[in-house]
Amino acid sequence: MTKLSDLGPPIIGKRHGAEPADERDHFYNCPNCGQLVDQRDARQVFYHEVPGHKPLEPEAVAKVIEFPRRK
Ligand SMILES: [Zn+2]
């Protein structure tokens with residue numbers, strides 16, 4: 001399965017027109033695989049343009065930072 005990070009670094013496109021008022025307007029559901037696509041990242045848009053593609057494998061974006069324990 002393909003991960004988003006397999007596609008390389010994010011390709012941030014330039015938006016035509018005004019920024020949408022709502023953050024959710026940046027996303028759409030892929031008509032092929034149903035996955036949510038962030039239109040600000042051309043990697044995701046191009047990936048989901050390929051006919052017959054599979055949804056991208058989810059990957060952890062949050063990194064857990066371990067703090068030293070107090071004694
Ligand atoms: Zn898709």
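Reply: A residue is buried if 20 or more other C-beta atoms lie within 10 Å of its own, exposed if 12 or fewer, and partly exposed in between, with C-beta atoms placed from the backbone. This is a predicted model, in which local features need pLDDT of at least 70 and side-chain atom pairs count only at pLDDT 80 or more, while totals for chains, interfaces and linings use all residues. Residues are numbered from 1 along each chain as its sequence is written.

Me: Why does R69 count as exposed?
Reply: R69 has 5 C-beta neighbours inside 10 Å, and therefore counts as exposed. R69 lies in the segment after α1 (42-47). Its C-alpha atom is separated by 37 Å from that of T2, 67 residues apart along the chain.

Me: What makes up the pattern of the protein along the sequence?
Reply: Helices (H or I, at least four residues) and strands (E, at least two) are DSSP runs, numbered from the N terminus. The protein has 1 helix and 2 strands, and the order is β-β-α.

Me: How does the radius of gyration of the protein stand against that of a compact globule of 71 residues?
Reply: Taken over C-alpha atoms, the globule rule is 2.2 Å times the number of residues to the power 0.38. For 71 residues a compact globule would have a value near 11 Å, but the protein has 16 Å. Of its 71 residues, 7% count as buried.
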